[in-house]
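Subject: Structure for your review

Dear colleague,

Please find the structure below, together with its sequence. My notes on what was found in it follow.

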Amino acid sequence: MKALVLAAGYGTRLLPYTRTVPKPLFTVAGEPLIEILIRRLAAAGCEAVVVNTHHLHEKIAAFISERRFPIPVTTRFEPQILGTGGAIRNVADFWDRRPFMVVNSDILTDIDFGEVYRRHLAAKDPATLVLYDDPAFNTVMLSTEGRITGFDESEAGAMPGRRLTFSGIQVLNPEVIDYIPKGFSSSIDAYRRLLSADKSILGLVASEARWSDLGTPERYREACIEVMAEKVFGFEKRGRDTVRRHPLSGDGSDRRWYRLVSGGRSMILADHGIHVGSAQGEAGAFEDIGRHLHGKGVAVPRIQLADRFSGLVLLEDLGDRHLQDAVLEAADTSVVADLYRQVIDRLISLWLEGKEGFDPSWTWQTERYDREMILKAECGYFRDAFLRGYLAMSLSGDAFRDDFERIAEGALNYGVTAFMHRDMQSRNIMMTDRGPHFIDFQGGRFGPIQYDLAALLIDPYVALPEALQERLMAECADRLEGMIGIDRRDFVTGYRHCCIARNLQMLGAFGFLTRVKRKKGFEPYIPRAIQTLWQNLTKGGVGEFPELSALALDLKRRMDGEPRGGREREILSRRNSGPEG
């Protein structure tokens, strides 16, 4: 048996993702579709495969030339697309006198190709088409005797039967080529000619097998989730167990989260979206950094399976209880302090163990937390997303430039460099029976560890008392002084600057998420973040950051002048009455 894999298309249904990646190279559970099909064909006894190509043909050819398949695989480029029928005729020199198989490259299936071929040989029909029941595509008419009578309802006449979907899997005798004209043509037209010539076409119904047409992003994503869940839950046979999918509340990003449950077990699915481009994506960073940290014994969930292109990651389920929940449930401050000591203990492990063997190429946005990142992603984000965007303030392009430079200089010059998480807030810390665990580590990189400590302690979701923040910071400095010999004064100075940088980033995020993303749940935390910003700016004296201090004082006074419960209204009032900038 030889086979043709139809991979010549325009990729229009899967735009924009097919602008850089041809559809046959989309991955499912880490394996490209075309590789899955070729290896299944080889396992079924296929002796050689030819792949027709058009859109991004050079990438498919390069992929195939780099792989070691157990059988010969070649490509046939079509400068002008020939259609499904023309493609079969175009490789007539490849066929011999035996029946051959043709398979679409944009399907995911576990249909037994060897069994299909044997059924074709036994039936003696010139063509065998594998059919599947999919209401979205059912157009092929099948008689009660198992023969195809037409390719839409009008062709079937009054014959009894049912409508099904052509799966794109077919076995053909060489004589079928005589029914295909030169140039562009559809294989369906050739089958209509067969029927007009009183030839029969066998229809094999794959009722128990998987078949999915992956022609749209939604169908591709659903097929990926199904296959990945089966692999992780370890199904022996498809359909033996069912997987229930429960959406989880999201965070500030565009990712979607689900809990997959089957047979008393559960996993978390993180959906980062399909990744376009050759650079490291968010899902890739999530996988690389997560596997590294887990391998170092850091308290993070174990990643079970990831597919970088689809953006899907399946990981250990750590439950639903965040540090924020634990703090809000705590009876008194001493209980809260003990919770944070547990977290800081594991945070130190993340910093020190995480830096050992860390590869900067794993990072997603920047390799390091550097001056440019502070000025753009922290300070610039605050100015553009919060002040200009949320509060509608009219500002010059270099507003607060000198203060921003001082923040960056202090955070970096006095920073203790190791692996930093970069979003160490209470909703990214899960409280389990095995202690605190960290999630959302895909933004990790080398940088000042004081930033993580600042993010943890000034977190507006829990609003730790300022005195407790100071005590916990001092205890952390004591531990690090004994472990790695930090300069305590420098550590505290770096911490102060990191507190301000983090505070600006928080306000930028809250403003952006509220105004642009319409996620109103973040807006109530804005007044608290402004209060914290004022506190952090004035700890070193208002003279160090004069412009930002004046701004924070102005915002703080407006909040303090409102009766209880009116702070959000004051911020909104300023936002709505300010000049457009």
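Helices (H or I, at least four residues) and strands (E, at least two) are DSSP runs, numbered from the N terminus. With that convention, aspartate 198 is located in the loop between α5 (187–196) and β12 (201–205). The model is a predicted one, in which local features need pLDDT of at least 70 and side-chain atom pairs count only at pLDDT 80 or more, while totals for chains, interfaces and linings use all residues. Residues are numbered from 1 along each chain as its sequence is written, and side-chain values use heavy atoms, with hydrogens and water left out.

Backbone features

Most residues other than glycine have a negative phi, and most peptide bonds are trans. Aspartate 198 has a positive phi, near 60°. This aspartate 198 is exposed, with a relative accessible area of 73%; buried means under 20% relative accessible area, exposed over 50%, and partly exposed in between (1.4 Å probe, protein chains only). Leucine 56, in the loop between β4 and α2, also has a positive phi, near 50°. Leucine 56 is buried, at a relative accessible area of 15%. In the loop between β1 and β2 (27–28) one finds proline 16, which a cis peptide bond with omega of about 5° joins to leucine 15.

Helix α2

Helix α2 spans residues 57–66, and its buried residues are Ile60, Phe63 and Ile64. They lie on the same side of α2, because they cover an arc of only 95° around the axis; the arc is that of the directions from the helix axis to the C-beta atoms. An α-helix has 3.6 residues a turn, so residues three or four places apart point the same way. Ser65 and Glu66, on the other side of α2, are exposed. The elements that cover the buried residues of α2 include β1 (2–7), α1 (33–43) and β4 (48–53), where contact means heavy atoms within 4.5 Å.

Helix α4

In helix α4 (residues 113–123), the buried residues are Phe113, Gly114, Val116, Tyr117 and His120. Their arc of only 160° around the axis puts them on the same side of α4. Among the elements they pack against are α1, β6 (100–104) and β8 (127–132). At the start of α4, a side-chain oxygen of aspartate 112 comes to within 3.0 Å of the backbone nitrogen of glycine 114. Lysine 124 follows α4 and has a positive phi, near 75°.

In what order do the 5 strands of the open sheet run? The order is β14-β15-β16-β18-β17, with antiparallel pairing. β14 (244–248) and β17 (303–307) stand at the edges with a single partner strand each, so one side of each is left without a neighbour in the sheet. From one strand to the next, the twist averages 20°. Two strands pair if DSSP finds at least two bridges between them; β16 (residues 265–271) and β18 (residues 312–316) pair over 5 bridges in the antiparallel sense. Aspartate 271 has leucine 312 in β18 as its bridge partner.

Histidine 292 belongs to helix α7 (residues 282–295). Is histidine 292 buried or exposed? Histidine 292 counts as buried, because its relative accessibility is 9%. Leaving aside neighbours within four places in sequence, its contacts include Glu353, Phe358 and Trp362.

Yours sincerely

Methods. Axes are lines fitted to C-alpha atoms, for helices over the stretch in contact, and angles run from 0 to 180 degrees between N-to-C directions. A polar contact is a pair of N or O atoms within 3.5 Å; within protein, one must be able to donate a hydrogen and the other to accept it, and residues adjacent in sequence count only if both atoms are side-chain atoms.
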